[in-house]
Amino acid sequence: MFFNSNKMFFLFILMFSTLISISSNSWFGCWIGLEINLLSFIPLISNSNNLLSTEASLKYFLTQSIASINLLFTILIKMILLKNFEMNNFITIMLNSSLLMKMGSTPFHFWFPNIIEGLSWFNSFILMTWQKITPMILLSYYFNMNFLLFIVIFNVIIGAIGGLNQTSLPKLLAFSSINNLGWMIMAIMISENLWFFYLFIYSFMISIMCFMFYIFNVFFINQLFINNMNSFIKINLMINFLSLGGLPPFIGFFPKWIIINFLINNNLYLLTFIFIMMSLIMLFFYIRIIYSAFMFNYLKMKWFKIFIKNNYFLLINFFSFISISGICLSTFFFY
(Lines give C-alpha, C1' and ligand atoms only; values in the text may rest on other atoms or scores of the structure.)
Protein backbone atom coordinates (compact mmCIF):
# COMPACT_ATOMS: atom_id res chain seq x y z
CA MET A 1 0.00 0.00 0.00
CA PHE A 2 1.32 3.42 -0.96
CA PHE A 3 1.12 5.65 2.14
CA ASN A 4 0.35 9.11 0.84
CA SER A 5 -1.18 11.86 3.00
CA ASN A 6 -4.75 11.10 1.84
CA LYS A 7 -4.50 7.42 2.78
CA MET A 8 -3.01 8.30 6.17
CA PHE A 9 -5.84 10.78 6.80
CA PHE A 10 -8.53 8.19 5.98
CA LEU A 11 -6.72 5.58 8.11
CA PHE A 12 -6.78 8.00 11.06
CA ILE A 13 -10.50 8.71 10.52
CA LEU A 14 -11.13 4.93 10.31
CA MET A 15 -9.56 4.39 13.73
CA PHE A 16 -11.20 7.49 15.20
CA SER A 17 -14.66 6.38 13.99
CA THR A 18 -14.29 3.11 15.95
CA LEU A 19 -13.63 5.13 19.10
CA ILE A 20 -16.72 7.28 18.37
CA SER A 21 -18.92 4.18 18.14
CA ILE A 22 -17.64 2.33 21.19
CA SER A 23 -17.65 5.43 23.42
CA SER A 24 -21.12 6.64 22.35
CA ASN A 25 -23.91 6.59 24.94
CA SER A 26 -26.73 6.22 22.38
CA TRP A 27 -27.48 3.84 19.53
CA PHE A 28 -27.75 6.76 17.15
CA GLY A 29 -24.18 7.83 18.02
CA CYS A 30 -23.02 4.24 17.39
CA TRP A 31 -24.70 4.33 13.97
CA ILE A 32 -22.97 7.63 13.08
CA GLY A 33 -19.59 6.11 14.07
CA LEU A 34 -20.27 3.10 11.82
CA GLU A 35 -21.15 5.40 8.90
CA ILE A 36 -17.95 7.42 9.32
CA ASN A 37 -16.07 4.11 9.45
CA LEU A 38 -17.67 2.99 6.17
CA LEU A 39 -16.98 6.29 4.37
CA SER A 40 -13.33 6.31 5.50
CA PHE A 41 -12.62 2.68 4.52
CA ILE A 42 -13.91 2.98 0.93
CA PRO A 43 -11.18 5.49 -0.17
CA LEU A 44 -8.58 3.16 1.39
CA ILE A 45 -9.65 0.15 -0.67
CA SER A 46 -10.56 1.84 -3.96
CA ASN A 47 -7.81 2.04 -6.54
CA SER A 48 -8.46 3.48 -10.00
CA ASN A 49 -5.67 1.33 -11.52
CA ASN A 50 -7.15 -1.92 -10.27
CA LEU A 51 -10.62 -3.03 -11.42
CA LEU A 52 -10.87 -5.70 -8.71
CA SER A 53 -10.40 -3.21 -5.86
CA THR A 54 -12.89 -0.78 -7.45
CA GLU A 55 -15.43 -3.61 -7.66
CA ALA A 56 -14.62 -4.61 -4.06
CA SER A 57 -15.19 -1.04 -2.81
CA LEU A 58 -18.59 -0.88 -4.57
CA LYS A 59 -19.66 -4.28 -3.15
CA TYR A 60 -18.48 -3.23 0.31
CA PHE A 61 -20.45 0.03 0.10
CA LEU A 62 -23.66 -1.75 -0.97
CA THR A 63 -23.53 -4.47 1.72
CA GLN A 64 -22.61 -2.05 4.50
CA SER A 65 -25.34 0.37 3.37
CA ILE A 66 -27.97 -2.39 3.63
CA ALA A 67 -26.70 -3.29 7.11
CA SER A 68 -26.74 0.41 8.12
CA ILE A 69 -30.32 0.89 6.88
CA ASN A 70 -31.37 -2.21 8.82
CA LEU A 71 -29.58 -0.93 11.95
CA LEU A 72 -31.12 2.55 11.69
CA PHE A 73 -34.59 1.07 11.12
CA THR A 74 -34.17 -1.15 14.21
CA ILE A 75 -32.95 1.79 16.33
CA LEU A 76 -35.99 3.85 15.30
CA ILE A 77 -38.36 0.97 16.15
CA LYS A 78 -36.59 0.56 19.50
CA MET A 79 -36.98 4.29 20.27
CA ILE A 80 -40.68 4.34 19.31
CA LEU A 81 -41.71 0.99 20.89
CA LEU A 82 -39.30 0.98 23.83
CA LYS A 83 -41.97 0.19 26.44
CA ASN A 84 -43.57 -2.63 24.44
CA PHE A 85 -41.79 -5.74 25.78
CA GLU A 86 -43.39 -8.04 23.19
CA MET A 87 -41.19 -6.48 20.51
CA ASN A 88 -37.95 -6.86 22.48
CA ASN A 89 -36.99 -10.28 21.13
CA PHE A 90 -37.66 -9.23 17.53
CA ILE A 91 -35.72 -5.97 17.98
CA THR A 92 -32.74 -7.83 19.46
CA ILE A 93 -32.56 -10.29 16.55
CA MET A 94 -32.90 -7.45 14.01
CA LEU A 95 -30.16 -5.48 15.78
CA ASN A 96 -27.88 -8.53 15.99
CA SER A 97 -28.49 -9.40 12.33
CA SER A 98 -27.46 -5.95 11.10
CA LEU A 99 -24.28 -6.03 13.23
CA LEU A 100 -23.49 -9.57 12.03
CA MET A 101 -23.86 -8.37 8.44
CA LYS A 102 -21.48 -5.49 9.21
CA MET A 103 -18.75 -7.89 10.35
CA GLY A 104 -19.32 -10.54 7.66
CA SER A 105 -20.70 -13.30 9.84
CA THR A 106 -22.92 -16.16 8.64
CA PRO A 107 -25.57 -16.19 7.21
CA PHE A 108 -24.58 -12.75 5.80
CA HIS A 109 -21.03 -13.82 4.91
CA PHE A 110 -21.28 -14.11 1.10
CA TRP A 111 -19.84 -10.63 0.44
CA PHE A 112 -16.81 -11.19 2.66
CA PRO A 113 -14.59 -13.62 0.63
CA ASN A 114 -15.47 -11.84 -2.66
CA ILE A 115 -14.39 -8.46 -1.31
CA ILE A 116 -11.22 -9.81 0.35
CA GLU A 117 -10.08 -11.19 -3.03
CA GLY A 118 -10.04 -7.71 -4.56
CA LEU A 119 -8.02 -6.04 -1.77
CA SER A 120 -4.34 -5.58 -1.05
CA TRP A 121 -2.89 -7.52 1.89
CA PHE A 122 -2.87 -4.43 4.14
CA ASN A 123 -6.54 -3.68 3.45
CA SER A 124 -7.41 -7.36 3.94
CA PHE A 125 -5.73 -7.22 7.35
CA ILE A 126 -7.80 -4.15 8.33
CA LEU A 127 -11.04 -5.78 7.15
CA MET A 128 -10.32 -9.04 9.01
CA THR A 129 -9.32 -7.38 12.31
CA TRP A 130 -10.04 -3.69 12.93
CA GLN A 131 -13.39 -3.61 11.10
CA LYS A 132 -14.73 -6.30 13.44
CA ILE A 133 -14.11 -4.31 16.65
CA THR A 134 -17.07 -1.89 16.50
CA PRO A 135 -19.81 -4.42 15.53
CA MET A 136 -18.51 -6.91 18.14
CA ILE A 137 -18.59 -4.39 20.97
CA LEU A 138 -22.07 -3.18 19.94
CA LEU A 139 -23.17 -6.83 19.77
CA SER A 140 -22.08 -7.35 23.39
CA TYR A 141 -24.49 -4.62 24.60
CA TYR A 142 -27.71 -6.25 23.49
CA PHE A 143 -27.88 -9.83 22.24
CA ASN A 144 -30.19 -12.83 22.05
CA MET A 145 -28.29 -15.80 23.52
CA ASN A 146 -30.06 -18.61 21.58
CA PHE A 147 -29.83 -16.73 18.27
CA LEU A 148 -26.10 -16.09 18.74
CA LEU A 149 -25.42 -19.73 19.66
CA PHE A 150 -26.88 -20.79 16.29
CA ILE A 151 -24.79 -18.11 14.55
CA VAL A 152 -21.62 -19.33 16.33
CA ILE A 153 -22.23 -22.94 15.20
CA PHE A 154 -22.91 -21.84 11.58
CA ASN A 155 -19.79 -19.64 11.61
CA VAL A 156 -17.39 -22.40 12.66
CA ILE A 157 -18.95 -24.93 10.26
CA ILE A 158 -19.11 -22.65 7.17
CA GLY A 159 -15.66 -21.18 7.90
CA ALA A 160 -14.16 -24.69 7.97
CA ILE A 161 -16.05 -26.24 5.04
CA GLY A 162 -15.89 -23.11 2.82
CA GLY A 163 -12.09 -23.05 2.93
CA LEU A 164 -11.68 -26.68 1.80
CA ASN A 165 -11.81 -26.11 -1.96
CA GLN A 166 -10.13 -22.68 -2.11
CA THR A 167 -6.98 -22.01 -4.14
CA SER A 168 -6.93 -18.26 -3.51
CA LEU A 169 -5.04 -17.34 -0.32
CA PRO A 170 -7.11 -14.20 0.45
CA LYS A 171 -10.31 -16.29 0.20
CA LEU A 172 -8.73 -18.98 2.38
CA LEU A 173 -7.91 -16.39 5.06
CA ALA A 174 -11.44 -14.94 4.67
CA PHE A 175 -13.02 -18.32 5.49
CA SER A 176 -10.50 -18.71 8.31
CA SER A 177 -11.69 -15.32 9.56
CA ILE A 178 -15.34 -16.48 9.43
CA ASN A 179 -14.39 -19.56 11.47
CA ASN A 180 -12.49 -17.45 14.03
CA LEU A 181 -15.46 -15.06 14.17
CA GLY A 182 -17.50 -17.94 15.62
CA TRP A 183 -14.89 -18.35 18.36
CA MET A 184 -14.83 -14.56 18.92
CA ILE A 185 -18.63 -14.30 19.29
CA MET A 186 -18.45 -17.17 21.78
CA ALA A 187 -15.66 -15.33 23.62
CA ILE A 188 -17.64 -12.07 23.83
CA MET A 189 -20.65 -13.99 25.21
CA ILE A 190 -18.37 -15.29 27.97
CA SER A 191 -16.37 -12.16 28.80
CA GLU A 192 -15.25 -8.95 27.06
CA ASN A 193 -11.70 -9.42 28.38
CA LEU A 194 -11.53 -12.90 26.85
CA TRP A 195 -12.83 -11.50 23.53
CA PHE A 196 -10.20 -8.74 23.59
CA PHE A 197 -7.47 -11.30 24.29
CA TYR A 198 -8.72 -13.56 21.45
CA LEU A 199 -8.88 -10.61 19.04
CA PHE A 200 -5.34 -9.54 20.03
CA ILE A 201 -3.88 -13.05 19.44
CA TYR A 202 -5.86 -13.47 16.18
CA SER A 203 -4.75 -10.02 14.93
CA PHE A 204 -1.15 -10.93 15.74
CA MET A 205 -1.37 -14.21 13.79
CA ILE A 206 -3.20 -12.75 10.78
CA SER A 207 -0.76 -9.81 10.63
CA ILE A 208 2.15 -12.27 10.30
CA MET A 209 0.39 -14.13 7.47
CA CYS A 210 -0.54 -10.94 5.60
CA PHE A 211 2.97 -9.53 6.11
CA MET A 212 4.63 -12.70 4.75
CA PHE A 213 2.31 -12.92 1.74
CA TYR A 214 2.87 -9.19 1.06
CA ILE A 215 6.68 -9.64 1.09
CA PHE A 216 6.53 -12.65 -1.26
CA ASN A 217 3.73 -11.05 -3.35
CA VAL A 218 1.74 -14.29 -3.12
CA PHE A 219 -2.03 -14.50 -3.81
CA PHE A 220 -2.56 -18.16 -4.80
CA ILE A 221 -1.56 -21.47 -3.23
CA ASN A 222 0.43 -22.66 -6.28
CA GLN A 223 2.70 -19.61 -5.95
CA LEU A 224 3.96 -21.08 -2.68
CA PHE A 225 5.19 -24.11 -4.66
CA ILE A 226 6.72 -22.16 -7.56
CA ASN A 227 8.53 -19.52 -5.49
CA ASN A 228 12.22 -20.05 -4.97
CA MET A 229 12.01 -19.90 -1.18
CA ASN A 230 14.56 -21.51 1.08
CA SER A 231 13.43 -24.12 3.61
CA PHE A 232 13.79 -21.76 6.56
CA ILE A 233 11.10 -19.41 5.18
CA LYS A 234 8.85 -22.41 4.54
CA ILE A 235 9.33 -23.53 8.17
CA ASN A 236 8.31 -20.03 9.32
CA LEU A 237 5.24 -20.27 7.09
CA MET A 238 4.42 -23.70 8.56
CA ILE A 239 4.71 -22.44 12.16
CA ASN A 240 2.40 -19.50 11.53
CA PHE A 241 -0.15 -21.57 9.58
CA LEU A 242 -0.33 -24.13 12.39
CA SER A 243 -0.60 -21.35 14.99
CA LEU A 244 -3.50 -19.83 13.02
CA GLY A 245 -5.17 -23.25 12.93
CA GLY A 246 -4.86 -23.55 16.72
CA LEU A 247 -2.48 -26.51 17.09
CA PRO A 248 -1.61 -26.96 20.81
CA PRO A 249 2.12 -26.09 21.01
CA PHE A 250 1.56 -22.72 19.33
CA ILE A 251 0.16 -19.45 20.69
CA GLY A 252 -3.01 -19.65 18.55
CA PHE A 253 -4.22 -22.53 20.73
CA PHE A 254 -4.16 -20.52 23.97
CA PRO A 255 -7.38 -18.44 23.60
CA LYS A 256 -9.18 -21.47 22.10
CA TRP A 257 -8.05 -23.49 25.11
CA ILE A 258 -9.66 -20.97 27.50
CA ILE A 259 -12.95 -21.01 25.53
CA ILE A 260 -13.03 -24.85 25.39
CA ASN A 261 -12.29 -24.94 29.14
CA PHE A 262 -15.25 -22.63 29.83
CA LEU A 263 -17.61 -24.63 27.56
CA ILE A 264 -16.69 -27.95 29.25
CA ASN A 265 -17.12 -26.43 32.73
CA ASN A 266 -20.63 -25.32 31.68
CA ASN A 267 -21.52 -28.78 30.27
CA LEU A 268 -21.77 -27.53 26.67
CA TYR A 269 -20.24 -30.72 25.28
CA LEU A 270 -21.92 -30.70 21.86
CA LEU A 271 -20.75 -27.15 21.18
CA THR A 272 -17.21 -28.10 22.29
CA PHE A 273 -17.28 -31.13 19.97
CA ILE A 274 -18.36 -28.96 16.97
CA PHE A 275 -15.65 -26.37 17.73
CA ILE A 276 -12.89 -28.98 17.97
CA MET A 277 -13.98 -30.93 14.87
CA MET A 278 -14.15 -27.76 12.75
CA SER A 279 -10.70 -26.72 14.01
CA LEU A 280 -9.42 -30.09 12.80
CA ILE A 281 -10.84 -29.42 9.32
CA MET A 282 -9.13 -26.00 9.33
CA LEU A 283 -5.85 -27.68 10.30
CA PHE A 284 -6.33 -30.25 7.55
CA PHE A 285 -6.26 -27.70 4.73
CA TYR A 286 -3.47 -25.69 6.35
CA ILE A 287 -1.34 -28.85 6.62
CA ARG A 288 -2.25 -29.74 3.01
CA ILE A 289 -0.82 -26.38 1.84
CA ILE A 290 2.32 -26.71 3.99
CA TYR A 291 2.94 -30.32 2.94
CA SER A 292 2.61 -29.41 -0.74
CA ALA A 293 4.87 -26.37 -0.31
CA PHE A 294 7.57 -28.57 1.24
CA MET A 295 7.23 -31.46 -1.22
CA PHE A 296 6.95 -29.51 -4.51
CA ASN A 297 10.38 -27.93 -4.30
CA TYR A 298 11.36 -29.25 -7.76
CA LEU A 299 9.31 -26.48 -9.42
CA LYS A 300 12.09 -23.91 -8.94
CA MET A 301 12.43 -21.31 -11.65
CA LYS A 302 16.05 -20.39 -12.23
CA TRP A 303 15.21 -16.83 -13.28
CA PHE A 304 12.87 -16.22 -10.36
CA LYS A 305 14.56 -15.11 -7.15
CA ILE A 306 13.07 -13.52 -4.03
CA PHE A 307 15.18 -10.93 -2.26
CA ILE A 308 14.10 -10.22 1.31
CA LYS A 309 15.49 -7.35 3.31
CA ASN A 310 17.44 -8.51 6.34
CA ASN A 311 15.27 -6.64 8.85
CA TYR A 312 12.13 -8.24 7.35
CA PHE A 313 13.71 -11.66 7.76
CA LEU A 314 14.57 -10.96 11.42
CA LEU A 315 11.00 -9.74 12.03
CA ILE A 316 9.50 -12.95 10.57
CA ASN A 317 11.85 -15.06 12.72
CA PHE A 318 10.90 -13.08 15.84
CA PHE A 319 7.17 -13.56 15.13
CA SER A 320 7.68 -17.28 14.60
CA PHE A 321 9.60 -17.53 17.87
CA ILE A 322 6.64 -15.94 19.72
CA SER A 323 4.27 -18.40 18.01
CA ILE A 324 6.42 -21.38 19.08
CA SER A 325 6.83 -20.16 22.68
CA GLY A 326 3.03 -19.91 23.02
CA ILE A 327 2.65 -23.02 25.18
CA CYS A 328 5.29 -21.75 27.65
CA LEU A 329 3.58 -18.35 27.88
CA SER A 330 0.15 -19.95 28.33
CA THR A 331 1.46 -22.23 31.12
CA PHE A 332 2.79 -19.20 33.01
CA PHE A 333 -0.60 -17.51 32.62
CA PHE A 334 -2.38 -20.47 34.20
CA TYR A 335 0.00 -20.44 37.16
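Helices here are DSSP runs of H or I with at least four residues, strands are E runs with at least two, and both are numbered from the N terminus.

1. **What you are looking at.** This is a predicted model, in which local features need pLDDT of at least 70 and side-chain atom pairs count only at pLDDT 80 or more, while totals for chains, interfaces and linings use all residues. Residues are numbered from 1 along each chain as its sequence is written, and side-chain values use heavy atoms, leaving out hydrogens and water.

2. **Overall build.** The chain holds 16 helices and zero strands. Its C-alpha atoms fill a box of roughly 70 × 50 × 35 Å along the principal axes. The radius of gyration, taken over C-alpha atoms, is compared with a globule rule of 2.2 Å times the number of residues to the power 0.38. For 335 residues a compact globule would come out near 20 Å, and the chain agrees with its 20 Å.

3. Of the 335 residues, 53% are buried. Buried means under 20% relative accessible area, exposed over 50%, and partly exposed in between, using a 1.4 Å probe and protein chains only. The accessible surface is about 16,000 Å², and carbon and sulfur atoms own 72% of that; these areas come from the Shrake-Rupley method with a 1.4 Å probe.

4. **Contacts along the chain.** A contact means heavy atoms within 4.5 Å. Among contacts with a separation of 6 or more, 78% link residues 24 or more positions apart.

5. **Cysteines.** A disulfide is a pair of cysteine sulfur atoms within 2.5 Å, and searching the whole structure turns up zero of them.

6. **Backbone spots worth a visit.** Most residues other than glycine have a negative phi, and most peptide bonds are trans. Against that background, T106 and P107 are joined by a cis peptide bond, with omega about 0 degrees. P107 sits in the loop between α4 (88-103) and α5 (111-117).

7. **Two asparagines with positive phi.** N217, in the loop between α10 (192-216) and α11 (221-226), has a phi of about 55 degrees although it is not a glycine. N267 has a positive phi too, near 60 degrees, and belongs to the loop between α13 (253-265) and α14 (269-295). Is N267 buried or exposed? N267 is exposed, because its relative accessible area is 52%.
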